[in-house]
Amino acid sequence: PPPPQPFTNVGVNPNVFGLLDGVNTVFTTGVVVQRARVYLNGLLMTLNLDCSFYGDTVVFAANRVPQPSDTILILGFL
């Protein structure tokens, strides 16, 4: 099979959907990926500790809830 193709949503939360209100923990990319790296304000989140990733959905842990001024970046592989 071909190698995974990179998918990046570079910039201030482009193509990351979800209410950035300091309460919501669930965000989606609209693109199903096989693997992902999730960054919050430039810091790499530890999967299954800081957040979980399921296909096209990121769920942040209660101690990592994104705040209104935060930036979420997802580097995924299709």
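Student: Which side chain of opposite charge is nearest to aspartate 70, and how far away is it?

Tutor: This is a predicted model: local features need pLDDT of at least 70, side-chain atom pairs count only at pLDDT 80 or more, and totals for chains, interfaces and linings use all residues. Residues are numbered from 1 along each chain as its sequence is written, and side-chain values use heavy atoms, without hydrogens and water. Aspartate 70 is buried (under 20% relative accessible area with a 1.4 Å probe, protein chains only) and has no salt bridge (a Lys or Arg side-chain nitrogen within 4 Å of an Asp or Glu carboxyl oxygen). With Lys and Arg counted as positive and Asp and Glu as negative, while His and the chain ends are not counted, the nearest side chain of opposite charge is arginine 64, at 9.1 Å.

Student: Which side chain makes a polar contact with the side chain of aspartate 70?

Tutor: A polar contact is a pair of N or O atoms within 3.5 Å; within protein, one must be able to donate a hydrogen and the other to accept it, and neighbours in sequence count only if both atoms are side-chain atoms. The backbone nitrogen of glutamine 67 lies 2.7 Å from a polar atom of the aspartate 70 side chain. The side-chain partner, at 2.8 Å, is asparagine 41.

Student: Where does asparagine 41 sit, and what is its phi?

Tutor: Strands are DSSP runs of E, at least two residues, numbered from the N terminus, and two of them pair if DSSP finds at least two bridges between them. Strand 3 (residues 35-40) and strand 4 (residues 43-44) run antiparallel, joined by 2 bridges. They form a hairpin with 2 residues between them, and asparagine 41 in the turn has a positive phi of about 55°.

Student: What is the bridge partner of leucine 40 in strand 7?

Tutor: Leucine 40 belongs to the covered face of strand 3, along with Ala36 and Val38. Strand 3 runs antiparallel to strand 7 (residues 72-77), with 6 bridges between them. The partner of leucine 40 there is isoleucine 72.

Key. Buried means under 20% relative accessible area, exposed over 50%, partly exposed in between (1.4 Å probe, protein chains only). Helices (H or I, at least four residues) and strands (E, at least two) are DSSP runs, numbered from the N terminus.
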